[in-house]
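Student: Got a structure open and want to go through it. Can you take my questions as they come?
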Amino acid sequence: MGEASLKKRKGEDNKKEDGQSIQSHEPQTMSLQKEVGLISGICMIVGTIIGSGIFVSPKSVLANVGAVGPCLTMWAACGILATLGALCFAELGTMITKSGGEYPYLMEAFGPIPAFLFSWTSLLVTKPSSFAIICLSFAEYTLAPFYPGCDPPQVAIKCLAAAAIVIITTVNSLSVKLGSYLQNFLTAAKMIIVTIIIVSGIVLLAQGKTENFKDSYKDSSVSFGSIGLAFYNGLWAYDGWNQLNYITEELKNPYRLVYVAGREGHMLKLLSYISVKRLTPAPAIIFYGIIAIIYIIPGDIETLINYCSFAIWIFYGLTVLGLIVMRFTRKDLNRPVKIPTIIPVAVTLASILLILAPVISAPELAYLYCVLFIGSGLIVYVLFVYFKFNWPQKISKPITMHLQMLLEVAPAEEVTE
């Protein structure tokens, strides 16, 4: 995100020649002036990768495999898979230099329907549920010292998590610079905590306290389904390896996903509006906050991680499959980074296993809800994007106008300096 001012600027169209990368074609008349500098950019990347997952995932990974040995093996495997996935996205990001992460890759490889389903799923599933997980984790660890010897009450956790969502939503809606400062502070705090944990572990190992590593594979309970769930939790801690495809474009040309999808007519127009006074994407931020609060009411951390990871890996796998497809359908594209084909093949196969394993061996309603949400996006696409039924827009126009005046927001092209 970027703030300070919206400036009119002259832009030249990026011409695409045979053998060249697909360049970004975002509108060049208006742009959110960049307030996210180098330090803030680094903190955003580090803060994304070193997030709540590193504090909540270890317990769940160990619980799913039952012993320290398989647990450490799972962590190594998750790290390898995340690295291979990052390599795939490095090729995609240098080949298709458009904003929006997976969205333009799916659009280029498979067309508008998978791209729309990705933006729909991000809007209703992955982004809000990730936000909810982070705030639930914060609430659980904040309350833990006040309840020694037992778990904090779920009501207290959910109330504190909801309060955190409201505060973070308010801060980011008021000022991107203030939100950036908050991000920097929280990233520094997480780095300090992680450093303390690492140093403490090294000291204990140096003192010879290695009892947990003796017979480390004893009493393990590894199964097809438990491996999938362990991967979900482990990969949740590593999640962020694909965020550079969002962040680098954010720093150079600030359009997060709602703007790119909105340009294609794949997103509610109101969500791409900008605050006239504060120049922040307030509607999108507030929308994510509301959906996140809805998620924390019935959900817990582990269920939400499984729910979110299931959806994420559907589109990770589809995106990497698109990389393989474009090796044959878009041979003309320039590829500054080109990885061996075996890598995207391996990531695609791993994605299929991650999607199927928990559903087959440990089915939960969360997976059904996720599939229903994604499927409902297909219905929305057919009715309102393909056939362009406009009666809902006519009905909702007064509401949209009222919200536009209430929130003092407007399309970016209408906002002047």
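Student: Which helices each supply at least two residues of the lining of the largest cavity?
Tutor: Those are α8 and α12. Keep in mind that this is a predicted model.

Student: Where does the largest share of that lining come from?
Tutor: From α12, with 4 residues.

Student: How is empty space picked up at all?
Tutor: A probe the size of a water molecule is rolled over the atoms, and that shows where space is left empty.

Student: Back to α8. Where does N233 lie?
Tutor: N233 is in helix α8, which covers residues 224–238.

Student: Is N233 buried or exposed?
Tutor: Buried, because its relative accessibility is 0%.

Student: What does the N233 side chain have a polar contact with?
Tutor: The side chain of S60, at 3.5 Å. Leaving aside residues up to four places away in sequence, N233 touches S57, S60, V61, N64, I305 and N306.

Student: Switching to charges. How many salt bridges are there?
Tutor: The count comes to 4. One of them joins R335 and E91, with the closest N and O atoms 3.5 Å apart.

Student: Which parts does the R335 and E91 pair tie together?
Tutor: R335 is in the loop between α12 (301–329) and α13 (342–361), while E91 belongs to helix α3 (residues 68–95), so the pair ties together parts 244 residues apart in sequence.

Student: Are those two buried or exposed?
Tutor: R335 counts as buried because its relative accessibility is 14%. E91 is buried as well, at 0%.

Student: Which residues are linked with them in a network?
Tutor: The salt-bridge network links E91, R327 and R335.

Student: What about E108, which residue does it form a salt bridge with?
Tutor: R330, and the closest N and O atoms are 2.1 Å apart. E108 sits in helix α4 (residues 102–110) and R330 in the loop between α12 and α13, so this pair ties together parts that are 222 residues apart in sequence.

Student: How accessible are E108 and R330?
Tutor: E108 is partly exposed, with a relative accessible area of 24%. R330 counts as buried, at 17% relative accessibility; the cut-off for buried is under 20%.

Student: What does D332 form a salt bridge with?
Tutor: With R330, where the closest N and O atoms are 3.4 Å apart. D332 is partly exposed, its relative accessible area being 33%.

Student: Which residues of α4 are buried?
Tutor: E102, Y103, P104, Y105, L106 and A109. After α4 comes G111, which has a positive phi near 100 degrees.

Student: Last one, α11. How many residues does α11 have, and how far does it reach?
Tutor: Helix α11 (residues 282–296) has 15 residues and reaches 21 Å from its first C-alpha to its last. That is close to the 21 Å expected at 1.5 Å a residue.

Student: Which residues in α11 are buried?
Tutor: The buried ones are A282, P283, A284, I285, Y288, G289, I291, A292, Y295 and I296.

Student: Why do residues three or four places apart in an α-helix point the same way?
Tutor: Because an α-helix has 3.6 residues a turn.

Methods. Residues are numbered from 1 along each chain as its sequence is written. This is a predicted model: local features need pLDDT of at least 70, side-chain atom pairs count only at pLDDT 80 or more; totals for chains, interfaces and linings use all residues. Side-chain values use heavy atoms; hydrogens and water are left out. Buried means under 20% relative accessible area, exposed over 50%, partly exposed in between (1.4 Å probe, protein chains only). A polar contact is a pair of N or O atoms within 3.5 Å; within protein, one must be able to donate a hydrogen and the other to accept it, and residues adjacent in sequence count only if both atoms are side-chain atoms. Contact means heavy atoms within 4.5 Å. The expected span of a helix is 1.5 Å times one less than its number of residues. A salt bridge is a side-chain nitrogen of Lys or Arg within 4 Å of a carboxyl oxygen of Asp or Glu.
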